[in-house]
Amino acid sequence: GNLMYEANNRIFFQQAEQPVKATIQGNMLVLEVNAMMNARADSYLAIFHVSQVGQTAEEADSLINERIDGMQARLKRDKLKVDDVFIDMLSFVPVFEYETLRKGWSKYYQEIPAGFEIQKNIHVRFSDAKVLDRIVTAAAKEEIYDLVKVDYSVRDQGACLDTLRTIAFRAMQKKLDAFGKLGMKLEES
């Protein structure tokens with residue numbers, strides 16, 4: 001592809017591992033290194049969203065708790081290696097329907113109470129990535145279908161950032177050496 005191209009006084013030097021961007025600003029050459037590192041996650045957090053509607057507040061709450069408790073029981077029964085489960089309340093609001101009223105030549109709509117809706121998030125923390133499929137299956141068997149996201153956590157992020165800085169510094173030094181071989185005199189400022 002485009003190993004080197006120019007657009008609006010910007011010259012891009014691109015490599016597969018470490019792209020280095022050079023920008024000319026007046027009589028200055030500004031170099032930037034963009035680097036990315038793939039690190040193995042130490043733990044994962046899957047977040048499921050569940051909502052339930054009921055005629056009364058008690059009915060809605062008990063129905064959603066049955067589904068959540070059923071999922072937790074399935075996780076234990078299937079002996080899935082789950083580190084922690086946390087339930088997060090999102091909302092508990094009344095639900096309304098509209099009733100059409102005719103008065104003379106016009107129609108009016110009036111809200112009438114129809115029940116309650118409750119929404120919760122289920123946070124499931126686990127260490128083995130292979131367990132996620134079985135967690136999703138356990139949730140689906142309890143009619144919990146909305147997997148919102150999966151977060152990946154690395155315990156020692158400082159060591160990862162140190163490695164990333166070292167690699168970025170090496171990439172920058174290679175570009176500076178290449179400019180030197182081309183006869184460019186670069187001064188730091």
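Helix H3 covers residues 157–181, and at 1.5 Å a residue its 25 residues should span 36 Å, which agrees with the 36 Å between its end C-alpha atoms; the expected span is 1.5 Å times one less than the number of residues. Helices (H or I, at least four residues) and strands (E, at least two) are DSSP runs, numbered from the N terminus. This is a predicted model, in which local features need pLDDT of at least 70, side-chain atom pairs count only at pLDDT 80 or more, and totals for chains, interfaces and linings use all residues. Residues are numbered from 1 along each chain as its sequence is written, and side-chain values use heavy atoms, with hydrogens and water left out.

In H1, the residues Ala60, Ile64, Arg67, Ile68, Gly70, Met71 and Leu75 are buried, where buried means under 20% relative accessible area, exposed over 50% and partly exposed in between (1.4 Å probe, protein chains only). Seen down the axis of H1, these buried residues fall within an arc of 145 degrees, so they line one face of the helix, the arc being that of the directions from the helix axis to the C-beta atoms. They pack against strand S5 (43–54), strand S6 (82–103), strand S7 (106–126) and helix H2 (132–141), with contact meaning heavy atoms within 4.5 Å. On the other side of H1, Glu58, Glu66, Lys76 and Arg77 are exposed.

In H3, the buried residues are Cys160, Ala168, Ala171, Met172, Lys175 and Phe179, and just after this helix Gly183 takes a positive phi of about 95 degrees.
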